[in-house]
Amino acid sequence: MTTTTPLDRDRIAQLTQREAEALDQRTQASKELYERARGSLSGGVTSSYQSRAPWPIYLERGKGPRVWDVDGHELYDFHNGFGSMVQGHAHPAIGRAVSTRYDSGTHFAAPTEDAVVVGEELSRRFHLPKWRYTNSGSESTMDAIRIARGLTGREDILKIFGSYHGHHDAVMVSIGVEYDRIGPREAPFSLAYGGGIPGSTVELTHAVHFNEAEAMEARIVALDEEGKKPACVIMEAAMMNLGVVLPEPGYLEAVREITARHGVVLIFDEVKTGICIAAGGAVEKWGVQPDMVTLAKALGGGLPTGAIGMTEEIAAVVEDGTVYQVGTYNGNPLGMAAARANLLEVMTPEAYEHLDRLNDRILAGCNEVIAEYELPGYTVGVGSKGCVTFSPVKVTDYATFKENQDADLSELAWLFNLNRDIFMTPGREEEWTLSVTHTEETVDSFVEVFRELAKELRA
Ligand SMILES: Cc1ncc(COP(=O)(O)O)c(C=O)c1O
């Protein structure tokens with residue numbers, strides 16, 4: 001890391017107030033729609049992750065790298081639907097596929113050829129022979145865990161503390177926890193994320209910290225001794241909900257070796273990394289082969305589609321009826337047509353080269369700004385994903401993130417971006433997703449706004 005100079009906290013507070021007021025001023029149509037939306041939608045939104053005080057920003061449309069809000073502002077989109085729109089908005093190839101499919105019927109609850117083509121392409125990319133489909137990331141991780149439980153006959157599972165794997169009970173555990181409630185380093189607490197989650201389910205989910213393979217092994221052994229050997233380890237190969245936290249060299253290889261030796265199914269949750277960081281996601285990027293992969297988000301090119309990849313041995317418990325992996329809309333023809341066009345026509349080798357090149361450019365630009373203004377932070381990125389982590393020390397897991405990341409500055413950066421037509425993921429935990437329609441001009445705009453923020457922070 002380069003030289004850093006502490007930031008003036010009063011200045012951050014002052015700028016945050018100024019930017020919040022400016023955003024309120026420029027989003028009066030969002031405010032009006034919010035007043036109306038509250039009448040019929042709980043909290044005026046369609047998912048609690050879309051909530052924001054004093055009101056959410058409502059969007060109207062998107063095209064390529066741009067989105068328009070209901071106040072008529074044209075913004076460059078770095079949020080990209082929490083990383084679902086790596087293709088950019090309204091991509092013509094996906095539009096063609098969807099409209100052709102629409103004319104031939106959109107849903108039968110019977111498989112179509114597109115589902116087979118998508119399965120073949122996913123097998124090629126992720127080196128897993130068998131696939132099933134779902135409609136979201138949550139469904140993918142829910143079913144993957146059930147399959148691992150069915151295979152092993154065990155009920156306990158192990159996850160990474162602070163990782164998000166969707167909104168079903170088994171994984172809404174040990175995330176969003178304040179620093180002082182994390183618990184002992186070697187055995188962090190299992191805590192429900194919000195109400196409505198049965199304690200008996202929470203008790204079955206255990207957590208260890210990211211980037212510590214030895215601690216993972218020790219936990220597996222300890223749980224085994226208590227008669228609670230986990231069915232699976234479910235994890236992201238790179239954490240994508242603390243900004244971006246990369247695996248330290250050797251970590252994933254060690255996890256692979258440990259889980260194989262203990263007979264624990266290794267699931268890479270690639271809902272965020274899957275189609276976005278390389279053709280074969282984290283499996284390709286780090287060359288470590290899990291037993292199962294879960295996908296969603298960018299798979300469907302904007303349609304709700306998810307997938308689960310498995311080895312032959314694991315797929316056998318689905319095929320012989322031991323575990324039911326079902327769903328009326330699984331493999332929906334519209335979603336499959338979109339996924340096929342997405343994988344074969346849009347997310348091509350050239351697309352990944354483009355994303356890598358642009359990500360290098362935006363990361364280099366942000367690094368220059370950080371160095372010039374001696375900001376306490378650093379950049380991290382992979383494929384289409386990246387962020388500036390506002391922390392004076394390197395974040396390697398949830399505990400170091402909670403201890404060191406500057407939440408106030410992250411909030412200010414979000415407001416500052418939005419007021420300057422950069423649509424970014426809200427909250428302190430997120431990262432940017434570039435799309436194949438982003439250009440040098442798009443990423444340079446991001447860097448320029450970041451430079452402006454840095455200048456104001458030091459003014
Ligand atoms: C890694 C990971 N897994 C699973 C999910 C859940 O996906 P969905 O919101 O489509 O249910 C998410 C969502 O952000 C995610 O980031």
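The largest nonpolar core has 113 residues, where a nonpolar core is a set of buried Ala, Val, Leu, Ile, Met, Phe, Trp, Tyr and Cys residues joined through side-chain atoms within 4.5 Å, and buried means under 20% relative accessible area (1.4 Å probe, protein chains only). The model is predicted: local features need pLDDT of at least 70, side-chain atom pairs count only at pLDDT 80 or more, and totals for chains, interfaces and linings use all residues. Residues are numbered from 1 along each chain as its sequence is written, and side-chain values use heavy atoms, with hydrogens and water left out.

**Nonpolar cores**

- Phe 78, Leu 122, Met 216, Met 235 and Ile 362 have the most contacts inside the largest core.
- Helix H13 (residues 349-372) gives this core its largest share, 9 residues; helices are DSSP runs of H or I, at least four residues, numbered from the N terminus.
- Leaving aside residues up to four places away in sequence, Ile 362 touches Phe 78, Trp 432, Leu 434, Val 443, Phe 446 and Val 447 (contact: heavy atoms within 4.5 Å).
- A second, separate core has 19 residues, including Ile 157, Ile 234, Val 317 and Val 318.

**Ligand surroundings**

- The residues around the ligand (a heavy atom within 4 Å) include Ser 136, Tyr 164, His 165, Glu 236 and Lys 272.
- By class, this shell has 2 nonpolar, 6 polar and 4 charged residues.
- A polar backbone atom of Gly 137 is 2.9 Å from an oxygen atom of the ligand.
- A nitrogen atom of the ligand lies 2.6 Å from a polar side-chain atom of Asp 269.
- In the side chain of Lys 297, an N or O atom is 2.8 Å from an oxygen atom of the ligand.

Methods:
Polar contact = N/O pair within 3.5 Å; in protein donor to acceptor, adjacent residues only side chain to side chain. Nonpolar A, V, L, I, M, F, W, Y, C, P; charged D, E, K, R; others polar. Buried < 20%, exposed > 50% of the residue type's maximum accessible area, 1.4 Å probe, protein only. Helix = DSSP H or I, 4+ residues; strand = E, 2+ residues; numbered from the N terminus.
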